Amino acid sequence: MKISILDDYFDTLRHLPCFKKIAEHDVTIWNDHVQDRDVLAERLKDTEVLVLIRERTQIRADLLERLSNLKIISQRSVYPHIDVDACTRLGIILSSNQHTGTPSFATAELTWGLVLAAMRQIPQQMASLKSGNWQMGVGSTLAGRTLGVFGYGRIGRTVANYGRAFGMKILIWASEASRSQAEVDGFNVAKDKAAFFEECDILSLHLRLYDTTRGIVTAEDLARMKPKALLVNTSRAGLIEPKALVKALHAGRPGMAAVDVYENEPQNDINDPLTTMDNVICTPHIGYVTEDEFDVQFSDVFDQIVAYNSGKPIHVINPEVLNS
């Protein structure tokens, strides 16, 4: 089969142990990021299997209609970047394992790295030292402070347990079922969403981005946060009402933010408000970007290709295609 892989920036996938699962096929790997429809249509004109790295490239109807040889798109996790209806109409299978039961330590670890970096002003202290100065300010201790975890799935649960190790008070807000599970696990649950935002010293978002969660964090929510509070987002920028975070930071509630995700990605604008604010730490969506995590993810992605090639597709999002 002719397989194309998009957006493998550092040519990582061919060096992973799991790559052997598809090595016998005709695999083309693109190391740049392109969103131009004409360029993508030319690159993918002979492609039968398209492999995507999360939501890096938008796959919409106007592109899919030009890919007459495409039989299956294989990826992992959610798929707001893919026109599923167009895939179904054109007879293209979308396989995407939702991996709800598997841990994701990489994102949880980055979340904690951002918490420490922000609370102890690590980037600012480094910049001060490199410029020939000494200490530039005074950071904050984590022990005894309240860590709020919004969303209690596989990542949120791990982050909450890390918080326990640092001697923090843990407070959870999530769906009703997830709140019940958090209580079973011994965590405190906020009495309501408003109280959650008011009480947290550090508040970390760990929700999937669906239509029902888009904009779930509102400007009103942010305005309830403490002036010295830290908001951390390693999930998706769309969870926060558009432009609300920048306005909230300018207003002083919360006082700091640490973000790994953006409304438009890749984020290359050096004048973007978030990347220019002194009270914000930014990283370029690297929560899941480790060799270990890639091997876990792409074992799934490549298994989906192997299953399709054997005539038994798995993790199919649009099963209507199979019936046609």
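A residue is buried when its relative accessible area is under 20%, exposed when over 50%, and partly exposed in between (1.4 Å probe, protein chains only). Both Y288 and F294 are buried in that sense. This is a predicted model: local features need pLDDT of at least 70, side-chain atom pairs count only at pLDDT 80 or more, and totals for chains, interfaces and linings use all residues. Residues are numbered from 1 along each chain as its sequence is written, and side-chain values use heavy atoms, leaving out hydrogens and water.

**Aromatic pairs**

- Rings of Phe, Tyr and Trp (its six-membered ring) pair if their centres lie within 6.5 Å; planes under 30 degrees apart count as stacked, over 60 as edge-to-face and the rest as tilted.
- That rule gives 10 aromatic pairs.
- Y288 and F294 make a stacked pair, 5.8 Å centre to centre with 10° between the planes.
- F298 and F302 are tilted, because their planes meet at 45°; their ring centres are 5.8 Å apart.
- F298 has a relative accessible area of 2%, so F298 is buried.
- F302 is at 0% relative accessibility and therefore also counts as buried.
- Ring pairs join F19, Y288, F294, F298 and F302 into a cluster.

**Helices**

- Helices (H or I, at least four residues) and strands (E, at least two) are DSSP runs, numbered from the N terminus.
- Helix α12 (residues 291-309) holds both F298 and F302, four residues apart, or about one turn of the helix.
- The expected span of a helix is 1.5 Å times one less than its number of residues.
- Helix α6 (residues 154-165) has 12 residues, so it should span 16 Å at 1.5 Å a residue; its end C-alpha atoms are 17 Å apart, which agrees.
- The buried residues in α6 are R154, I155, G156, T158, V159, A160 and G163.
- Contact means heavy atoms within 4.5 Å.
- The cover over the buried residues of α6 includes α4 (105-119), β6 (146-150) and β7 (169-173).
- Just after α6, G167 has a positive phi of about 75°.
- In helix α10 (residues 244-251), A244, L245, V246, A248 and L249 are buried.
- Those α10 residues pack against α9 (219-223), β10 (230-233), β11 (256-259), α11 (273-276) and β12 (280-282).

**Charges over rings**

- A charge sits over a ring if NZ of Lys or CZ of Arg is within 6 Å of the ring centre and within 35 degrees of the ring normal.
- R56 lies over the face of Y9, 4.1 Å from the ring centre.
- R157 lies over the face of Y152, 4.9 Å from the ring centre.
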